[in-house]
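Subject: Structure handover and what was found in it

Dear colleague,

Please find below the structure I promised to pass on to you.

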Amino acid sequence: MFKTVTAALEGSRTAPLVEPEGEIILEGFDLTGAAFRMEVRDRRDGGMLRAALDTVTSATAEGVRIVSVETVDGIPITTLGIRINETTMESMPAAPEPGDNNEIAWGMHITPDDGAKFEAFDGPFIVKASAVE
Amino acid sequence: MTIVVKRTGTGRKVSVGENTAAAMRSAAAAETSASQAATDASHLSSSLAIAAASATLAADAIADATAPIYATKADATADLASIAEGDFIQVLEDEDREGDRILYRKQTTLVFAKNLSLGKLFYLEDFGGVADGDPSDGSGTVNDAAFNAFLAAWYAAGGGTLYLRGCYRFTSDFTLPNDGSTDLVSNQPPLKITGNGCHCSGQGEKPGSGSIMMWTAGSSVGRIKSFGLGTLVATDFTIYSKEGAVEGNGRAAFYTTNTTFLPDRVAFWTDKKDGNCDDDFWIAGGVGVLVDGEMVFDNSETSPFQGYGSLVQNCFFNGVRRGLFGRTFFNANRFINNTFWQQCGSNLSVGARAPIEIVGGATSGSTSNSIKNNLLEIRGHYDYGIILDKCNWTEITGNDTYDAEGQFISPVYVKDNCVATMIWASLADNGGVYVTAENDDFSSIILITAETARQSRFPSINAIPSSAANPNRFGASRFVASGTGVNPACLTIQPEDGPGNNTEVFQIVRQADASTDPGVQIFAVSHRGEITVGGDRGGEVVHTTANGAGYDDLGRTWYSTADHTIQATSLALLDTGEARYLNFAPAVGGSGKGGLQFGTGTDATLYRQGSGVLRSNGKLTADGGIGVGNSANGTTLGTITKKMEVFDASGTSLGFVPIYDAIT
């Protein structure tokens, strides 16, 4: 489908990660029927699994869902929504320094309805420090 | 944040941006026309227009890892045709901004967008580094060139932070660049090396996770050397030596002279253990070189320490010889809350082995350092926990020294060239000595233990070596009673259970250089209360007046071993309702063998002649007469056989009284 995209995701340690922070817009792609698998780990290649998200259809369920597939000016646009529950965010590893953000890693596999699975995303996952709990 | 992936033509990714939709809308509202911004934000298909109007914002929003990287701007220009209009690229070595990493945007030509180095966060991966080291076998990509490239970029950027993502293998040692100034010492920008966390293990498992700088070879005195004035901060990573389990290649993890060193949560591990350990964590300062009597400060390893204010805390060591080896001018630093785990030890000679050692310089001691709250697991492969040599005003507080094998000598060894060492000892878990003073000189040491603080009791303080010639000693101290509590006495001495009746509880020994009886015990009290006095005037008790102005003859009583006399104005056996006797011990009498002597020599004596016989060598007079208890009736005189002379009260003869052989 497309080469692996390196992009960062950010989420507060004390709140669920949802849209718009957890939003991915793919212009030119119609991913209707695709399956998704997203993971957050301490590091690549075997780091401790901190969040495991599969395909969901409800905005209130933890996972990855297709928010919409629309066509604008003849171009298909798929919007994905990511939801990581607050309890999952709270269990993310602590930052090296109190008050600092902590950078770990995330990635996502996409298996199109009519194609082979590919690694769509890979990048830093920033657990943002918060003044509230 | 919203991630936008766009496809044009045949599906080639034309841009990958990371930005929040809100930020993009905000940028559009602020920097483009309202209508254009609304269109761009709602469709997200014309982000080029937004970015064109808000290049700075877009540049800020693009992660440094997302834009293609070119070595130089010339390389990128040569490849201009393959860069989509509006896309960003990165240049590592910009000819206009040497050492900086620059983000450019293609707007027909490459237009400067942002200096990414301003954040001064570096990754070895940006310099060709690969975090594929395997701590289990020491394999992995060698990152020596990448680290040197990073150091050059760091220096050019005026400082920054290196973030270690994983395990990096190195085979050479590194020296931080500085300005090479010859004006006393050089200067360098601040450096922070940090990572995902260091490795600690109470079970001794070797490093395997977190961020690791792994050395498999090297040849200098230190793996990371820093000689310039500046700060070196190290946090949350492990230094792991995979250079073998046998001593011979040891060197410091950090060797600094003029740099203020601030490690926190750093672990240092080697594959060595016990007596094979020859790697130090931090060598602070060189030996110092004098030229024409002046100390030389320069950019070399011998330059004395000038990194005042250094602080080593919360670090973990295993397989390490010394965590701290401070040298000339090692002043005003803190070494606190660090842990030396069980496989630490020293390959140095017996008597010189300690995990913490400070040796002041030849011309000046190391002053005002604090060593606090460290755990020293030493298992018999050290002699001491801390060695101080030529140190002044050192504070040693709350360090736990645990020796499971009970072989080490004491937690602290203070050489006699030290001044004012303050020690609060919390634990000496070898069953005995808290501190050792060279040549038994405790005069400059103040020792307070948890027990003394709690009970006003001093534990045993042994001079090393302890022998008859060098008895245990304790420097002059002053005790002040609280006047309350279980025992309000100023000083209570109560030994532990075990000593026999004749063992001394308390003793005083005369000074070693006294003109007479040097080093001899002059006072002692045994467990059963026996008081022993000695010395050339032993036993002499002198009463003084209450204000201590001088002695009063009327109150003077003393016993002299010289002539075995008690001198007193009067001796009284007070009648308290019980019998009081003066008992003269000799069973067989005779002059000088027990009795009372009056006057000088033997002019008037009274003593025991034999059983039931009291005798005087002179005359015995009685003003009131002489009485006997064996008188009997008699009427008939026998024959005179002897005469007995009698005297008046002055001893003048009155004549003779006849003695008859019988009277019936």
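What follows is a walk through the findings, beginning with chain A and then turning to individual residues of chain B.

Please bear in mind from the start that this is a predicted model, and that every value below was computed from it.

Chain A as a whole

Chain A contains 1 helix and 9 strands, and if one reads its elements from the N terminus, the order is β-β-β-β-β-β-β-α-β-β. Of the 133 residues in chain A, 44% are buried. When one considers the contacts in chain A between residues at least 6 apart in sequence, 63% of them connect residues that are at least 24 apart. The accessible surface of chain A amounts to about 6,200 Å², and carbon and sulfur atoms account for 47% of that surface.

Aromatic rings in chain B

Counted over all chains, the structure holds 30 aromatic pairs. One of these is formed by B:Phe268 and B:Phe281, whose rings are 6.2 Å apart from centre to centre, with 45° between the planes, an arrangement that is classed as tilted. Because B:Phe268 belongs to strand E16 (residues 259-270) of chain B, while B:Phe281 sits in the loop between E16 and strand E17 (282-284), this pair ties together parts that are 13 residues apart in sequence. B:Phe268 has a relative accessibility of 0% and therefore counts as buried, and B:Phe281, also with 0% relative accessibility, counts as buried too.

A further pair is made by B:Phe317 and B:Phe340, and since their ring centres are 4.8 Å apart and their planes stand at 50°, the pair is tilted. Here, too, distant parts of the chain are linked, with B:Phe317 in strand E21 (residues 316-318) of chain B and B:Phe340 in strand E24 (residues 339-340) of chain B, 23 residues apart. B:Phe317 counts as buried at 0% relative accessibility, and B:Phe340 counts as buried at 0% as well.

B:Thr270 is located in strand E16 of chain B and is buried, because its relative accessible area is 1%, which falls under the 20% limit for a buried residue. A polar atom of the B:Thr270 side chain lies 3.0 Å from the backbone nitrogen of B:Lys272, and the B:Thr270 side chain also reaches the backbone oxygen of B:Gly319, at 2.5 Å. Beyond its neighbours within four places in sequence, B:Thr270 is in contact with B:Lys206, B:Tyr240, B:Ser241, B:Asp279, B:Asn318 and B:Gly319.

B:Arg353, for its part, is placed in the loop between E24 and strand E25 (356-359) of chain B, and at 14% relative accessibility it counts as buried. The side chain of B:Arg353 is joined to the side chain of B:Asp383 by a polar contact of 2.8 Å. If residues up to four places away in sequence are not counted, the residues that B:Arg353 touches include B:Ser346, B:Leu348, B:His381, B:Asp383 and B:Ile387.

Positive phi values

Finally, which residues other than glycine have a positive phi? B:Thr108 is one of them, with phi near 70°, and B:Phe329 is another, with a phi of about 65°. B:Thr108 lies in the loop between strand E5 (102-107) and strand E6 (109-115) of chain B, whereas B:Phe329 is in the loop between strand E22 (324-326) and strand E23 (334-336) of chain B. B:Thr108 is exposed, with a relative accessible area of 59%, while B:Phe329 counts as buried at 13% relative accessibility.

With kind regards

Definitions and conventions
Residues are numbered from 1 along each chain as its sequence is written. Chains are lettered from A and ligands numbered from 1 in the order in which they are written. This is a predicted model: local features need pLDDT of at least 70, side-chain atom pairs count only at pLDDT 80 or more; totals for chains, interfaces and linings use all residues. Side-chain values use heavy atoms; hydrogens and water are left out. Helices (H or I, at least four residues) and strands (E, at least two) are DSSP runs, numbered from the N terminus. Buried means under 20% relative accessible area, exposed over 50%, partly exposed in between (1.4 Å probe, protein chains only). Contact means heavy atoms within 4.5 Å. Accessible areas come from the Shrake-Rupley method with a 1.4 Å probe; for residues, only the protein chains shown count as cover. Rings of Phe, Tyr and Trp (its six-membered ring) pair if their centres lie within 6.5 Å; planes under 30 degrees apart count as stacked, over 60 as edge-to-face and the rest as tilted. A polar contact is a pair of N or O atoms within 3.5 Å; within protein, one must be able to donate a hydrogen and the other to accept it, and residues adjacent in sequence count only if both atoms are side-chain atoms.
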